[in-house]
Amino acid sequence: MKRIVILCLLVVVTAAIILLPYAFEYFATTSNPQGDAVSFEIEKGASVGEIGETLKENGLIRSVNIFKIRVKELRAAESLKYGVFEMQKGLCIPDIVEILSEGGAEADSVRLTIPEGFSVERIAQKVQEMGLCSKDEFLVACNDEYDYEFLNMLPENDGVIYRLQGFLFPDTYDFPKQTTARNIVNTLLSQFEKKIAQTEIDESERPLYDIVTIASLIEREAQLKSEQDAISGVIYNRLNDNMRLQICASVLYVITNGMYDVTEVLYKDLEVDSPYNTYKVAALPCGPICNPGIDAINAAIHPQKHSYFFYHTDENKKDGSHVFTQTYSEHQITQE
């Protein structure tokens, strides 16, 4: 009997030890994983306890003491940075610590986040909304000259609206409140240069401009990153077989003036006369239709090898995934 009692106690103690970190997380963080984002500032030189107090005041954690314990367990006390942060309520402490370790924006700066797939036109709107510069100033700056070697490799294709479309790298940046449109564009180009150097672009048989153009199509077409390589494979298969790409995203770019504020393409839209319209042009559009992220660029460099020529949204799953098929007849059947 004693052995059974001891065994039960060991099980309880072991379970408690295993579940303790999860209990800490529950009692330390807010319960709403879809909570609103809040902005707050961590002062330079703030202690872990003071940081915890700020987090608690902003509804990001429940317990300062548990926050301090978890920071110690994560050995992150020395990595916490100061600055202005924006954080979603409902994050676990390791996620909070990771964000704090990356550093916030300076109090007199503006943090600009450019999502993957944003066009020049949408970036222009965002920088104006954030008070960095006017939309018109940004668009003018996108047609300026900049001293980057990769820009010398860009062709002068007829019909290209913005020469730098595709090369303004989507990322998070901190800019002084008093900045210029040219400085913003130059910073985004500099980041593109750094990121493209980390890829295997030299292994591709296609020139940089083609790769970025293909990546922009992939970025707008693939809702799931896991399908980017497959969609890239379809694009390459069609190009190699001299088929028109017939990608709706290229039509949306034209009919929305780069804003992508319309989601449905009508049959009449497919007839729009534009060198970006891949239902009309026999190959790639005249240039990129957005600014792709590094995953889409890598997918364009390394397309998946398969025999698919068609794909459409999977209406059964409704999770953004696609159904891929080899023939047009299969394509039609799977849409029924």
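Tutor: Let's start just after helix α4, where Gly 103 takes a positive phi of about 95°. Keep in mind that this is a predicted model.

Student: Which residues of helix α4 are buried?

Tutor: In α4, which spans residues 93–102, the buried ones are Ile 93, Ile 96, Val 97 and Leu 100.

Student: How should I read that spacing?

Tutor: An α-helix has 3.6 residues a turn, so residues three or four places apart point the same way. Here, looking down the axis of α4, the buried residues fall within an arc of 100°, so they line one face of the helix.

Student: Now the aromatic rings, please. How many aromatic pairs are there?

Tutor: A pair of aromatic rings is described by the distance of the centres and the angle of the planes. With centres within 6.5 Å as the cut-off, the count comes to twelve aromatic pairs. Take Phe 310 and Tyr 328: their ring centres are 5.7 Å apart and their planes lie at 50°, so this pair is tilted.

Student: Where do Phe 310 and Tyr 328 lie?

Tutor: Phe 310 belongs to strand β5 (residues 310–313) and Tyr 328 to helix α12 (residues 328–335), so the pair ties together parts that are 18 residues apart in sequence. Phe 310 is buried, at 12% relative accessible area, while Tyr 328 is partly exposed, at 47%.

Student: What sits over the ring of Phe 310?

Tutor: That is the charged end of Arg 238, 4.8 Å from the ring centre. Elsewhere, Arg 182 lies over the face of Tyr 146, 4.2 Å from the centre of that ring.

Student: Which residues do ring pairs link into a cluster?

Tutor: Look for Tyr 148, Phe 150, Phe 167, Phe 192 and Tyr 209.

How values were computed. Residues numbered from 1 in each chain as written. Predicted model: local features only at pLDDT ≥ 70, side-chain atom pairs only at ≥ 80, totals over all residues. Heavy atoms only, no water. Phe/Tyr/Trp six-rings, centres within 6.5 Å; stacked < 30°, edge-to-face > 60°. Helix = DSSP H or I, 4+ residues; strand = E, 2+ residues; numbered from the N terminus. Buried < 20%, exposed > 50% of the residue type's maximum accessible area, 1.4 Å probe, protein only. Lys NZ or Arg CZ within 6 Å of the ring centre and 35° of its normal. Arc of directions from axis to C-beta.
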